[in-house]
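Q: I would like to learn how to read helix packing and chain symmetry in a model. Could you walk me through it?

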Number of protein chains: 2
Amino acid sequence: MPELRKDPITGRWVIISTDRGKRPMDFLRDEVVAGDPKNCPFCPGHEAKTASELLVYGRNGGGANTPGWSIRVVPNKFPALKIEGELDREGEGLFDKMNGVGAHEVIIETPDHTSTMATIPERALEDVLWAYRDRMLDLKNDKRFRYVLIFKNHGESAGATLDHPHSQLIALPIVPRRVREEVDSSWHYYDEKERCIFCDIIRQEMDTGERVVAENDHFITMTPYASRFPFEMWLLPKVHGSSYENNQSTMYASLARMLKDVLMRMDAALDRPAYNFMIHTSPIGEEINDHYHWHVEIIPKLTKVAGFEWGTGFYINPTPPEEAARFLREAKIAATAKK
Amino acid sequence: MPELRKDPITGRWVIISTDRGKRPMDFLRDEVVAGDPKNCPFCPGHEAKTASELLVYGRNGGGANTPGWSIRVVPNKFPALKIEGELDREGEGLFDKMNGVGAHEVIIETPDHTSTMATIPERALEDVLWAYRDRMLDLKNDKRFRYVLIFKNHGESAGATLDHPHSQLIALPIVPRRVREEVDSSWHYYDEKERCIFCDIIRQEMDTGERVVAENDHFITMTPYASRFPFEMWLLPKVHGSSYENNQSTMYASLARMLKDVLMRMDAALDRPAYNFMIHTSPIGEEINDHYHWHVEIIPKLTKVAGFEWGTGFYINPTPPEEAARFLREAKIAATAKK
C-alpha cells in the first residue's frame, strides 16, 4: 500500500510508493560527463570571456582576470535580474510589479574543467563554501535585497548550460515564497512549543536512524520523511543555527567534509547523476533566531515533474526515503577519495 | 529591465524577462509525434491489455472490453494510489501519514492512436469532457475522497509514458496544497471585497486585451500576468462558476470549442509541443461557492525547472505573457481544422 506522508515543516503531502520502491538501477539516468573544454568560458586562460571578477581566491600576483586563481566569482553573463536601478514598486490594476533588480553571479569552483564538487579536494571545497559566505555578506550590504540564494545546477538535465564546475547566486528584493513558508511555519511551531522544528526532527531521526545517510561532528544528512523526490537529501547542522553565513569558522571545514561525503555517495549509488542543490538560510534582517534552521537541500534529477505535480503541488516519490538512505549509506566510496 | 510580477491569487513572484523575450523559435523543442501503435495497450483490439473498463462511450452492442468504443476509462495499471482500504491516519513521532488510498484512472480519449486532443473533432472532445464529469461525479460518492484532479501529460518530456491520446484522473483523500492555497486566497479576497478575484481578473484582462489568447460565448483563455512558464495559458468560464462538474450542459460544447481552439493555436505557434494541463475545481463538499472560479491551466513544456525554482518556489519566465498571447492570437489555424 502506498503511503501519504506530510512534511511537518511545509505541510506538503507526498505519495510514497512503499510496495515496490524504485532502486537506483530502475531510473533512466544520464551520467554527467564534462565535454570539451576548448570553448569553456570558465577555464583558465579564457577569463576575458566572462564579466570582470567580483571575488577571487588563490591568485598570487598576476592581474585581475588572468589565470592563477583557484576560485572566481563573476557576474552571470545572462542575468535573470539586473544589478542597477531602483525597485520602483508599482500597481497595474489588480496586479503588483517591481523592477527585476537583483544580483546574479557565478561561482567558478575550480580551474579544473573535468573535476566535480565530489572529486575536488576537501580543502578546495571548503574554499567554495567560504566564497559563498563572502558574497552573501557583501550583498547583504545592499539595502534593496531581502534574500541571497545559493544554488547549483549540475548536469544538463538539472538545468546547467555549462559543464565547468560552478554554482550560482541570486540576490533578490523579496523573500522567496518557499523560504518564507518554511520560516513562517517554523516560527509557528516555535511559538507553540519553544523548540525548533528542525532540531526536533534531527533528534527523532538520530534516534531511529533509518533515514540517516551520514553524519560527522557538526552535520547530519538524511532523506526527509516526506521526500518529494527519490534520493532527495537534506544536510543540516546538528546544533541549532539560523543562518549559513554566521557559522563559527571551524564549521565550514566540517560542512565541506559532509558535503563531499554525501555527493560521493550519490555519485556511487546513482552513477554520477545530474542534481540540484540549494542553501536555505534565514532572510536578511532576521538572520539570528531560534526557530529557523539553515540547511542544504540536494535533489538528484531522476524523474520528470508532470501535470499531477504542477496541478496539485504535491509529488509522487517512487523510492521510500528509508530505502534511499540505505542505498546511500551502503554506497562504496573509496577511503582515499574521501580526502 | 526584467520585471518581478506577483500572482494576485497565490502571492507567488515570477521574474519576467521583458527585454529580449524568447520567441517560439528560441526554444529547443521536441515535436510530439505518436510512435508505432503495434503494442499500444490503448488501441482497439488490445482491450485485454488494460484493467476492466469503468466507463465506456460509443459502444453499440458488443461485450465489455471489446472494440467499438469511442472513449474508455480504465484503472491505471500502475496506480500511484490504491482504491481498496481505509485511510488509517496515524502519527509517527513528529510525522503524519495515512494509507495511500485513492483512485488513479486513465481516460482513453479516442480509438485513433495518432490523433491528438487538437485534431479530434470538436464533438469527440466534448465527449471527453463529459467523461471527466461522469467520473468526477461517481468518485465524489466515495466518502474517503476530498478532491478529484483531472490532468493530462502530452508527450514524453511532459511525463507521458504512452503515446495514445489519454488523460488521467486521481481521486485523493486530501485537498492538494496548491488547490487549497488558491481556494483560501480567493476566499480571503471575497471576504474583503465580496467579489471573486478571478472574475475581477477576467474583467481587467478583457478591458486591456493584451493577454487574451481567444474567447468565445462562455470561455476566455489568457496568458496569466505572472505566468510561471513561457506560453502558459489559463482557460476560464467568463461567468462565475465554482466547479467543473456543475456546469450547465450547454457549457461543455463551448468548452470543447475553446479548448480545441487554443490547443490548435499552441500546436501552430510552438510546433506541436509536449504539454500538461490540469483542471482546478472546488474541493468536494465545497463545490458551490462565490469565491473560487474553476479553470484549466495549460503549460507547454519548453524549459527545464532547475535549482533556482526548487529552492525558491518561484520562476524565471523568459517570455512575457503579452508576447506569448500575441503569438498565440496570431497563430494560423485552418478554419476547416476548427470543426
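A: Gladly! This is a predicted model, where local features need pLDDT of at least 70, side-chain atom pairs count only at pLDDT 80 or more, and totals for chains, interfaces and linings use all residues. Residues are numbered from 1 along each chain as its sequence is written, with chains lettered from A and ligands numbered from 1 in the order in which they are written.

Q: At what angle do the axes of helix 1 of chain B and helix 4 of chain B cross?

A: Two packed helices are described by the angle between their axes and the distance between the axes. Here the axes of helix 1 and helix 4 of chain B cross at roughly 115° and come within 8 Å. Axes are lines fitted to C-alpha atoms, for helices over the stretch in contact, and angles run from 0 to 180 degrees between N-to-C directions. Helices are DSSP runs (H or I, at least four residues), as are strands (E, at least two), numbered from the N terminus.

Q: Which residues of helix 1 of chain B and helix 4 of chain B make the contact?

A: Helix 1 of chain B brings B:Glu122, B:Leu125, B:Glu126, B:Leu129 and B:Trp130, while helix 4 of chain B brings residues including B:Tyr252, B:Leu255 and B:Leu259. Contact here requires C-beta atoms, placed from the backbone, to lie within 7 Å.

Q: Which residues of helix 1 of chain B are buried?

A: An α-helix has 3.6 residues a turn, so residues three or four places apart point the same way. Among the buried residues of helix 1 of chain B are B:Ala124, B:Val128, B:Ala131 and B:Arg135. Buried means 20 or more other C-beta atoms within 10 Å of the residue's own. The partners of these buried residues include strand 7 (103-108) and helix 4 (250-270) of chain B.

Q: What rotation superposes chain B on chain A?

A: Two copies of a chain are related by a rotation about an axis and a shift along it. For chain B on chain A, the rotation is 180° with 0.0 Å of shift along its axis (RMSD 0.0 Å). The copies are thus related as by a two-fold rotation axis. Superposition is by least squares on the C-alpha atoms of residues with pLDDT of at least 70 in both.

Q: How many residues does each chain give to the contact?

A: Chain B gives 56 residues and chain A gives 55 residues. Elements giving two or more residues on the chain B side include helix 2 (177-193) and helix 3 (197-208). Of the interface residues of chain B, 98% are also interface residues in chain A, so the copies meet through the same surface.

Technical notes
A residue is buried if 20 or more other C-beta atoms lie within 10 Å of its own, exposed if 12 or fewer, and partly exposed in between; C-beta atoms are placed from the backbone. Two residues are in contact if their C-beta atoms, placed from the backbone, lie within 7 Å.
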